[in-house]
Amino acid sequence: MIKTKEWLMIRNLYNQGLSKSEIGRQLGIHRETVSKNLDKENIPKYVRKRKDESILDKYKNYINDRLERYNLSAEKLFYEIKKRGYLGSYPTVSNYVREVKNTLKKKAVLRFETLSGEQAQVDWGYCGEIYDKEQEKTVKVNCFVMVLGYSRMMYVEFFTDQQMSSFLKGHNNAFEYFGGYTKEILYDNLKSVVIKRMLKASNSEYNKKFLDCAGYYGFKPVLCRPYRPQTKGKVENGVKYVKNNFYAGEEFSSVSEINEKRKDWLDKVNNRIHATTKEKPFDRLKKENLISICNKVPYDLSEIIYRKVQTDCRVCFRSNFYSVPFKYAGKEISLKISENNIQIYYRNEIIAEHTLSKDRNKDIIIEEHFSGLKELGLVSLNSFKNNIKKEDSYPEVEIRDLSFYQEIY
């Protein structure tokens, strides 16, 4: 088949009066070719011949299914289908895998343009270190970010760590700020969410405390597909925006100051025209159809730990000692730890309550806990300790001189 340029020359030379044979000689083509192309009124189009059935065709469904579930390399898939009988070349597989992955990327972008009330995205961002004048020490600054998928409403809060208590507190405060929460929330492979991540999300081992929070509110946690960063692009862009447009270039004296200033910044950000939706997030929030938190108490963030009361009627927690009524010496109790308070329970009954000390090696004593000792005929705490049954006491350790052990060896 001749090219477009040759077709134009044939018609041009023929219009100049040259014969078909002469045109053929000048262009180096057969006279019949000249005749056929003079009969064509339109520029000839090249039509690729249909290829015969590809040797890869019967393996394409297998490759598609594998790539839908996992982000596998072409090399791995090549060896997998070879075991199934594929006799073709590696480049054929590689080219096809590239096409499928490009298609999946486009689908992922469409898939995560969520409906109202459907999904939110959460992630942590690390902002560096500052000297906190209130705490009188250098602390790390981490930003908790939640973005609603439909409205693009953003919530940000800063913490000195990325621990579970901070993570769940961020959820509570974000839900309060939005006035509700979505049906599902998308997470990366955060330790606060998933302890052991498997290729198939349903096989992953989730953090029990986090699942308890999700169950309390009733939202569905969703894990990002590995190696697919575009699936959580909204919150990743949100974290970058916080770092570049709020935090960078500013001087802060404490984390509490950062959190105070981010309130006005959040109101400003959520009132701007969003580049993607072309609407203000606050306006779209009215159509977000969130699950309301009205009349719902925030999830209890208290930490529950278990201890045995010492013979001196004290309980040790974070290098401090808290008193309990003397009758519970040697008993197993539970401590419910909140941000500024510690409650002590015995068999689901609260027996003592203290303000949580932020110092170390302190004795926090309530004298009333020992007020009944005299009624028992025990004039002091030491005499009370001596009267506690041996099975409730810690064993005494005999103190020996080091020379004793040297004689043994």
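Trainee: Which residues have the most contacts inside the largest nonpolar core?

Mentor: They are Phe-158 and Phe-167, in a core of 53 residues. This is a predicted model, in which local features need pLDDT of at least 70 and side-chain atom pairs count only at pLDDT 80 or more, while totals for chains, interfaces and linings use all residues. Residues are numbered from 1 along each chain as its sequence is written, and side-chain values use heavy atoms, with hydrogens and water left out.

Trainee: What makes a set of residues a nonpolar core?

Mentor: Its members must be buried Ala, Val, Leu, Ile, Met, Phe, Trp, Tyr or Cys residues, joined through side-chain atoms within 4.5 Å. Buried means under 20% relative accessible area, exposed means over 50%, and partly exposed lies in between (1.4 Å probe, protein chains only).

Trainee: Which residues does Val-122 touch?

Mentor: A contact means heavy atoms within 4.5 Å. Leaving aside residues up to four places away in sequence, Val-122 touches several others, among them Phe-144, Phe-167, Ile-185 and Val-235. The C-alpha atoms of Val-122 and Ile-185 are separated by 7.1 Å, although the two residues lie 63 apart along the chain. With the same exclusion of residues up to four places away, the partners of Phe-167 include Val-122, Trp-124, Phe-144 and Phe-210.

Trainee: Why are H7 and H8 called roughly parallel?

Mentor: They pack at an angle of about 15 degrees, with their axes 10 Å apart. Axes are lines fitted to C-alpha atoms, for helices over the stretch in contact, and angles run from 0 to 180 degrees between N-to-C directions. Angles under 35 degrees count as roughly parallel, over 145 as roughly antiparallel, 65 to 115 as roughly perpendicular and the rest as oblique. H7 and H8 are therefore roughly parallel.

Trainee: Which residues of H7 and H8 meet?

Mentor: H7 brings Met-164, Phe-167, Leu-168, His-171, Asn-172 and Phe-175, and H8 brings Lys-209, Phe-210, Cys-213 and Tyr-217. By class, this contact has seven nonpolar, two polar and one charged residues. Ala, Val, Leu, Ile, Met, Phe, Trp, Tyr, Cys and Pro count as nonpolar, Asp, Glu, Lys and Arg as charged, and the others, Gly among them, as polar.

Trainee: How do you know whether H2 and H3 are parallel or perpendicular?

Mentor: Helix H2 (residues 20-27) and helix H3 (residues 31-39) pack at an angle of about 110 degrees, with axes 8 Å apart. That value makes H2 roughly perpendicular to H3. The contact is made by Lys-20, Ser-21, Ile-23 and Gly-24 of H2 and by Arg-31, Val-34, Ser-35 and Leu-38 of H3. It has three nonpolar, three polar and two charged residues.

Trainee: What is Gln-162 called in terms of its relative accessible area?

Mentor: Its value is 36%, so Gln-162 is partly exposed. Gln-162 lies in the loop between S3 and H7, and it touches Trp-124, Asn-142 and Ser-192, not counting residues up to four places away in sequence.

Trainee: What is the phi of Cys-313?

Mentor: Cys-313 has a positive phi of about 65 degrees, although it is not a glycine. Most residues other than glycine have a negative phi. Cys-313 sits in the loop between strand S10 (303-308) and strand S11 (314-317). Its relative accessible area is 0%, so Cys-313 counts as buried.

Note on methods: Helix = DSSP H or I, 4+ residues; strand = E, 2+ residues; numbered from the N terminus.
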